[in-house]
Amino acid sequence: MTQAPIRVGIIGVHPDRGWASTAHVPALQELPQFRLSVLSHSRIEVAQAAAQKFGFDHAVSSTEELVNHPDVDLVVVTVRVPEHLQLVTAALEAGKSVFSEWPLGMNLRDAQAMNELAVARGVSTMIGLQTRANPAIRHIRTLVGDGYVGEVLSASVIGSGITWGEEIEEAFRYTLDPSKGASMLHVPFAHTMDALVFALGSEFLSVSGTLATRRPTIRMVESREVVPLTVADQIAFNGRLASGSLVTSHFRGGLTRATNFHLEINGSKGDLLLTSPIGYVGVGGFNLSGAQAGENLHPIPVPGDFRPDENVLIGNVKKLYELFASDKLSGTRQSPTFESAVNLHRLINAVEQSGGVWRDV
């Protein structure tokens, strides 16, 4: 059984910059299951330039034109978070399937509203939690499910935000503004916790989190301007999963000269260790190792892993689209949906409200 290519409309594509042009378009260009159909930009000349460069069939200058275009099956929203509610809602009301980048909304309430509308309209959704498609994370999920570690007793995570350190590029200045919904808590920490619960197959029941801003200022790379750092650059986290497992995590802004990413899963029969020199699970560069009773820790090959010269960011997005296409063809639910996004928003909301006190998720 085959299906016609899924016709994609991407909101807000620039020919030279942005997450859509650097990750989504290259990923989709390699997948015959999809067709680059329509893109939009508020300036029609920019939209036309992007369409010509990337091979889209149509260029339009408004969201309304894109979501109502007859040659669009899937609307992709990759713009900044404050715009998601309006754009996703427009696409859902037009009856189109939607792929929204994470975070889905500015808060839990908005995410719930978009998920409820999607359910009411009966359309397919996908959220950009692309680390769930990463081969290393999926292999850990398989190993845990097959009993490699036995009963999962605990998991420990050290992560680095990469951004929110001593310096930041101008392109990421918006991540310093709490009103933009793209802080270290909302992006690297959230992606990592989502990957962890996916790998372990269990959601959080209760959490305790402490947020702190230890660097009062941060320096812009290009201009050397020193500006206030108004979001947390330190996250201390504890959680209890439905399985009973305990999770502890510490995320730090920037990069460290020591450990930038370390995920250790301790079980009754074995242990797994995932490390990366880069910072958090969304970026990749993973090394997976493990050991069972009587063994020393040793490398574990990851089936279908990326080649050393492959772009992991594009690769993760590509693999997520592959899951979506497979779901559409076979009726499965392998790709993360807006329901997955609501669960993660609920976790982040609990951490924000915690103040170091345990809270139910």
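This report describes the sheet and the helix packing of a predicted model.

Local features need pLDDT of at least 70, side-chain atom pairs count only at pLDDT 80 or more, and totals for chains, interfaces and linings use all residues. Residues are numbered from 1 along each chain as its sequence is written, and side-chain values use heavy atoms, without hydrogens and water.

Helices (H or I, at least four residues) and strands (E, at least two) are DSSP runs numbered from the N terminus. An open sheet is formed by 6 strands in the order 3-2-1-4-5-6, with parallel pairing; two strands pair if DSSP finds at least two bridges between them. Strand 3 and strand 6 are the edge strands, each pairing on one side only. Strand 2 and strand 3 are joined by 3 bridges, and V38 has H58 of strand 3 as its bridge partner.

Helix 2 lies across strand 2 and strand 3. Its residues V46, A47, A50, A51 and F54 are buried (under 20% relative accessible area with a 1.4 Å probe, protein chains only; exposed is over 50%, partly exposed in between). These buried residues fall within an arc of 135° seen down the axis, so they line one face of helix 2; the arc is that of the directions from the helix axis to the C-beta atoms. Exposed Q52 and K53 are on the face turned away.

Angles run from 0 to 180 degrees between N-to-C directions, with axes fitted to C-alpha atoms, for helices over the stretch in contact.

| Pair | Angle |
|---|---|
| Helix 2, strand 3 | about 160° |
| Helix 4, strand 5 | about 165° |
| Helix 4, helix 5 | roughly 5° |

Key: Contact means heavy atoms within 4.5 Å.
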